[in-house]
Amino acid sequence: MTVESTAARTPRRSAGSKAGATGTQAAGTTGTKRTTRTTAKKGTGARSSADPELVQLLTPEGKRVKNAEYDGYVAGLTPEDLRGLYRDMVLTRRFDGEATALQRQGELGLWASLLGQEAAQIGSGRALRDDDYVFPTYREHGVAWCRGVDPTNLLGMFRGVNNGGWDPNGNNFHLYTIVIGSQTLHATGYAMGVAKDGADSAVIAYFGDGASSQGDVAESFTFSAVYNAPVVFFCQNNQWAISEPTEKQTRVPLYQRAQGFGFPGVRVDGNDVLACLAVTKWALERARSGEGPTLVEAYTYRMGAHTTSDDPTRYRHDDERAAWEAKDPILRLRRHLEASNHADEGFFAELEAESEALGKRVREAVRAMPDPDHFAIFENVYADGHALVDEERAQFAAYQASFADAEGV
Ligand SMILES: Cc1ncc(C[n+]2csc(CCOP(=O)(O)OP(=O)(O)O)c2C)c(N)n1
Ligand SMILES: [Mg+2]
């Protein structure tokens, strides 16, 4: 992985100094003091494992609940900001639904849907600054949206016409990573580089509940803790790793893992966009002020299949999905917007039209993607070429030629 450290923009504050407040972040919260308090409270498992603490600012009914620890991080949000978060989630879901449909129509080889995880991704994604760096898995379409990656660029790899689709340094958003958990190591190394640069940028690594069992993730926890790396580990616990439930990954709530490595862990309602925004801002603030890593466990649910190749009816019951549907992230913010008179019918109608336009744009862009040159796959394997690759290229050429013969008959 060759990612240039572009993070150095402003000098890193020394550990324990007043944590920086940007935008809605921070009112009245200080770095070290606050962290010690929250580490003790959140990290020691003061509550039993059966009753883990869940940070929630918005109930499924859309009611805003007070939270002394995190209210300050969303206190500055205007009605326009709230509508913006809603728009982000709606457009992300629309794009995701379109991609699933395109796979069903044979336009994509595969798609990994984020359905149900919009709040976790938009909340955390909107907490980031431009100079922060993101290391995603393969499902972070909402985070990509927040980073300004054009949604159509996410589809090339799933159509099989390119190996990535965007310049990671263009938006500080690394390419999708399929090898489970490996990007947490990339993020940790990058964050160690950021610290060496003396920048006050932060790094965020996304991964899943299943990935938490990978050795790579444990190693990145160890290294980031020991080197006090400015990284946020954002685990979307969507309850499933393909057909394996989270109970098969851990005996303790995942956020409590952090304690053993020596940094704080927090469980947040992953279907609550405000809570995800607030908790991620808090964790980023710790990173920026030299206080090291944080584990955020966003407790959410994968509403769809693992990918379009998966059939979840083989391993989970419909009633489980129904229970999570009642906690839908988009519906709860809509209820809140309506109850607070922060959005009118005109807003929702305009957004509906915008969603349809996005769907159309994505459809047209995918169908217009040119097929790559068939022999491009043999390029860039070795800098100076290789006899084995030459042999494979020749075999493939013969195979291709056999079709030409058949057509000529
Ligand atoms: C190292 C590695 N092992 C196995 C796989 C196959 N695999 C792909 S996705 C997946 C499950 C991942 O689950 P989780 O981390 O919970 O993420 P989610 O798909 O639920 O978002 C597995 C085992 C892989 N891609 N990489
Ligand atoms: Mg999972």
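Q: In what order do the five strands of the open sheet stand, and is the pairing parallel or antiparallel?

A: This is a predicted model, in which local features need pLDDT of at least 70, side-chain atom pairs count only at pLDDT 80 or more, and totals for chains, interfaces and linings use all residues. Residues are numbered from 1 along each chain as its sequence is written, and chains are lettered from A and ligands numbered from 1 in the order in which they are written. Strands (E, at least two residues) and helices (H or I, at least four) are DSSP runs numbered from the N terminus, and two strands pair if DSSP finds at least two bridges between them. Here the order is 1-2-3-7-6, with parallel pairing. Strand 1 (133-135) and strand 6 (265-269) each have a single partner strand, so one side of each lacks a neighbour in the sheet. From one strand to the next, the twist averages 20 degrees.

Q: Which strands pair with strand 2, and over how many bridges?

A: Strand 2 (residues 203-208) pairs with strand 1 in the parallel sense over three bridges; Val134 stands opposite Ile204, and Phe135 has Ala205 as its bridge partner. With strand 3 (residues 231-237), strand 2 forms six bridges, also in the parallel sense, and Gly208 stands opposite Gln236.

Q: Which residues of strand 2 are buried on each of its faces?

A: In a regular strand, side chains alternate between the two faces of the sheet. A residue is buried if 20 or more other C-beta atoms lie within 10 Å of its own, exposed if 12 or fewer, and partly exposed in between, with C-beta atoms placed from the backbone. In strand 2, Val203, Ala205 and Phe207 are buried on one side, and Ile204, Tyr206 and Gly208 on the other.

Q: Is Gly215 buried or exposed?

A: Gly215, in helix 8 (residues 215-226), counts as exposed because it has 9 C-beta neighbours inside 10 Å.

Q: How many residues does the largest nonpolar core have?

A: Such a core is a set of buried Ala, Val, Leu, Ile, Met, Phe, Trp, Tyr and Cys residues joined through C-beta atoms within 7 Å. The largest has 85 residues; Val203, Ala205 and Val296 are among those with the most contacts inside it. Helix 10 (residues 273-288) supplies the largest share, eleven residues.

Q: Which residues come nearest to ligand 1?

A: A residue is near a molecule if its C-beta atom, placed from the backbone, lies within 6 Å of it. Of the 14 residues around ligand 1, Ile180, Gly208, Gly210, Ala211 and Ala241 come nearest.

Note on methods: Axes are lines fitted to C-alpha atoms, for helices over the stretch in contact, and angles run from 0 to 180 degrees between N-to-C directions.
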